[in-house]
Structure formats: C-alpha cells, structure tokens
Amino acid sequence: MISSLNYQRLVYRYGRCLVLILIACTLGCRASQILFPEIDPGDENWLTRESAHFYIHCRPNSEAEEDMEEIAAYLDQKFTQICEILDVEYENKISYFIYSSAEDLKKNVSQETWGFAVGEYEAIGYFYPTMRQYDSRLGGLGHEVVHIIVYWTMGVRELHFLDEGIADAIDKYSLQWSRPPVLWAHWRAALVMKRGNLLSISQLSDNKFFRDLRYNRELYHTYYLYDQCGSFVRYLIDRYGIEKFKRFFPAAKEDSYQAAFQNVYGLSIHDFEEDWHEFLQDYLTSGPSNPSTSEVWHP
Ligand SMILES: [Zn+2]
C-alpha cells in the first residue's frame with residue numbers, strides 16, 4: 001500500500017525523470033550528464049561501480065577508484081545501519097558521486113558546498129577526503145546518505161537544524177570519544193555549552209540564521225553547529241523513540257514547530273530543551289545517562 005506522501009513523491013520522481021530523459025534526447029547527450037542539472041551540469045568524467053545499495057561514481061584513475069571496494073563495503077554497511085536506526089525500508093539505489101577532492105567538487109559545482117544530497121534525484125555529491133574524518137578516512141561519507149533516506153521515508157525537511165541533526169546523530173551513532181567513552185555529538189555539545197556557545201532552539205529553528213552560520217566556516221566550528229543539533233536529536237530519540245521523531249520531523253515548520261512538538265510529545269519543546277541542557281551539564285562528568293541505548297550500536 002503506497003501512502004499518499006510516497007505516491008506524490010513517486011509521481012514527482014518519475015515525472016522529473018521523464019522530463020530529464022526528454023531533455024537528454026533532445027540535446028543528444030547521455031542522461032547521466034544531467035542527473036542534478038541545477039548543481040553540476042555536463043560532467044561526464046565518471047566511472048561507475050554498482051554495489052548492493054548504490055551506484056558509486058568516481059573519477060577515473062583517482063584514489064577513490066583504487067579504494068572502491070572499501071568504499072562500497074563502507075557505504076552498504078552505513079546504508080543498512082541507517083535504515084535499521086530509522087526503522088524504515090528503502091529499495092532504490094542511491095547515486096553517489098565521489099569527487100577526487102574538495103577542490104574538484106568546488107570547481108564543478110555551481111554553489112558553495114562541502115557536499116550535497118539532492119533528495120528528488122536520490123543523488124549525492126561528496127569528495128574523497130585526504131585525511132581521517134572522525135574515526136576513519138571514510139567517516140563522514142554516511143551523512144548525505146541519511147539525508148536521502150530521510151527525504152523519502154520521513155518527509156521533506158522544514159527545519160534545517162532537525163535535518164542536519166538527524167544526519168549528524170545517525171552518521172555518528174556509534175562514534176565515541178575518550179575513555180571512558182562518551183558519544184561524540186553529546187561530548188561536543190557539552191563542550192560548546194561549557195564555552196557558552198550553545199544556541200537556543202529558537203535560534204536554531206530560524207532557517208536563515210542556521211544557513212548563515214552553516215556557510216561561515218569559522219562560526220560553524222565555534223559552535224560545532226551540526227554536533228549540537230546532532231546531540232539534541234539523539235537525546236530526543238533516545239528519550240522518546242524514533243517513531244515520534246518521524247512524526248515530528250515533517251510537521252516541524254518554522255512558525256509552528258512548538259505546537260507540533262507539544263502535539264507529538266505532549267510537552268513543551270522549551271521544557272525538553274532545559275532537560276537536554278541538564279543532561280549535557282552532567283555528561284562530561286558522569287558519561288552517558290542512558291548506556292543501554294548507546295551500547296546497542298557499538299561497531
Ligand atoms: Zn547535511
């Protein structure tokens with residue numbers, strides 16, 4: 001049984017595909033050229049490897065091509081973990097374009113970005129990092145995958161901070177730091193709070209404010225912006241479960257997210273925010289307050 005939400009998306013998806021194919025035929029070019037025309041038109045310099053859940057595209061003779069088996073195994077394992085945590089099924093394959101470097105991506109993409117996910121095309125653009133990201137060189141490749149799966153199973157994002165929060169929380173679900181281990185996102189959010197830089201939910205819920213911070217590299221790191229969002233979402237999911245979050249996410253609009261929160265969780269988002277602050281206050285000294293949930297996803 002297809003829900004009306006998914007039905008609309010299917011119509012939209014295949015409608016757009018049809019238009020793209022027609023354009024491709026008219027121009028006499030390959031459809032792969034215009035997978036995401038708003039962002040990267042006309043780039044054909046890709047090799048493709050199909051894995052269980054992805055079409056992985058990389059530059060010929062690049063390091064990513066050399067490491068393709070490892071990348072494919074990592075992405076497939078991430079995909080499975082994301083679907084398990086969100087408790088969703090996702091049947092299509094995602095197109096993952098791995099540019100050779102951050103410079104390669106910047107040069108070929110017509111907007112300021114470090115990586116992107118285009119939900120309606122099930123396409124991701126990212127670059128092959130030159131160094132370790134969080135736990136490994138491949139750490140971070142899963143973030144955009146969460147965006148695509150969320151888009152098709154939970155709904156189109158209204159609040160950017162919730163979308164980045166769920167991507168951060170799930171991509172780093174098992175990621176721990178220090179001894180005794182603490183969860184990465186909570187650890188970073190607790191540090192930010194200690195420094196007096198934790199943003200309020202009212203500030204984070206202003207999409208323009210959020211976007212401006214996100215594209216300012218210096219401020220982004222000052223606030224550990226995505227990690228504080230990730231901590232908030234992780235705490236919310238650990239306390240009340242993924243199903244409630246799946247209802248809250250698409251209903252949380254800029255002008256009515258407080259009412260949506262009250263409706264789904266039966267309490268004020270600002271009371272929950274205070275609760276989260278208290279949790280962070282204790283976090284660095286007492287460690288995870290809910291170790292049983294955290295232990296489920298140890299790698
Ligand atoms: Zn993101």
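Tyr 96 of β3 has Ile 124 as its bridge partner in β5, and this pair lies on a stretch where β3 and β5 run parallel and are joined by 5 bridges. The model is predicted, so local features are given only where pLDDT is at least 70 and side-chain atom pairs count only at pLDDT 80 or more, whereas totals for chains, interfaces and linings use all residues. Residues are numbered from 1 along each chain as its sequence is written. Helices (H or I, at least four residues) and strands (E, at least two) are DSSP runs numbered from the N terminus, and two strands are said to pair if DSSP finds at least two bridges between them.

The chain as a whole holds 15 helices and 7 strands. Of its 299 residues, 34% are buried; a residue is buried if 20 or more other C-beta atoms lie within 10 Å of its own, exposed if 12 or fewer, and partly exposed in between, with C-beta atoms placed from the backbone. Two residues are in contact if their C-beta atoms, placed from the backbone, lie within 7 Å, and among the contacts in the chain with a separation of 6 or more, 66% are between residues 24 or more positions apart.

The strands β3 and β5 belong to an open sheet of 5 strands with mixed pairing, in the order β1-β2-β3-β5-β4. Its edges are β1 (47-50) and β4 (116-118), each of which pairs on one side only. On average, neighbouring strands of this sheet are turned by 20° against each other, direction ignored; angles run from 0 to 180 degrees between N-to-C directions, and axes are lines fitted to C-alpha atoms, for helices over the stretch in contact. Helix α3 (residues 68-86) packs on the sheet, where it touches β1, β2 (54-58) and β3 (94-99), and its direction makes about 145° with that of β2.

Within the sheet, β2 and β3 run parallel and are joined by 5 bridges, and Phe 54 has Ile 94 of β3 as its bridge partner. Strand β3 is largely enclosed by the rest of the structure, because 6 of its 6 residues are buried: Ile 94, Tyr 96 and Ile 98 point one way from the strand, while Ser 95, Phe 97 and Tyr 99 point the other way. Strand β5 is likewise largely enclosed, since 5 of its 5 residues are buried, with Ala 123, Gly 125 and Phe 127 pointing one way and Ile 124 and Tyr 126 the other.

The loop between β5 and α5 contains Tyr 134, which counts as partly exposed because it has 13 C-beta neighbours inside 10 Å. Apart from neighbours within four places in sequence, Tyr 134 is in contact with Gly 139, Gly 140, Lys 172, Leu 175 and Trp 184. Lys 172 is 38 residues away from Tyr 134 along the chain, yet their C-alpha atoms are separated by 8.7 Å.

Helix α5 (residues 143-153) is largely enclosed by the rest of the structure, because 9 of its 11 residues are buried; among them are His 143, Glu 144, His 147 and Trp 152. After α5 comes Gly 155, with a positive phi near 125°. The axes of α3 and α5 come within 10 Å and cross at roughly 40°. The two helices are therefore oblique to each other, a term for angles that are not under 35 degrees (roughly parallel), over 145 (roughly antiparallel) or 65 to 115 (roughly perpendicular). Their contact is made by Leu 75, Lys 78, Phe 79, Ile 82, Cys 83 and Leu 86 of α3 and by Val 145, Val 146, Ile 149 and Thr 153 of α5. These residues divide into 8 nonpolar, 1 polar and 1 charged, where Ala, Val, Leu, Ile, Met, Phe, Trp, Tyr, Cys and Pro count as nonpolar, Asp, Glu, Lys and Arg as charged, and the others, Gly among them, as polar.

A further helix pair is formed by α7 (residues 184-194) and α11 (residues 225-240), whose axes come within 8 Å and cross at roughly 120°. The residues of this contact divide into 3 nonpolar, 4 polar and 3 charged.
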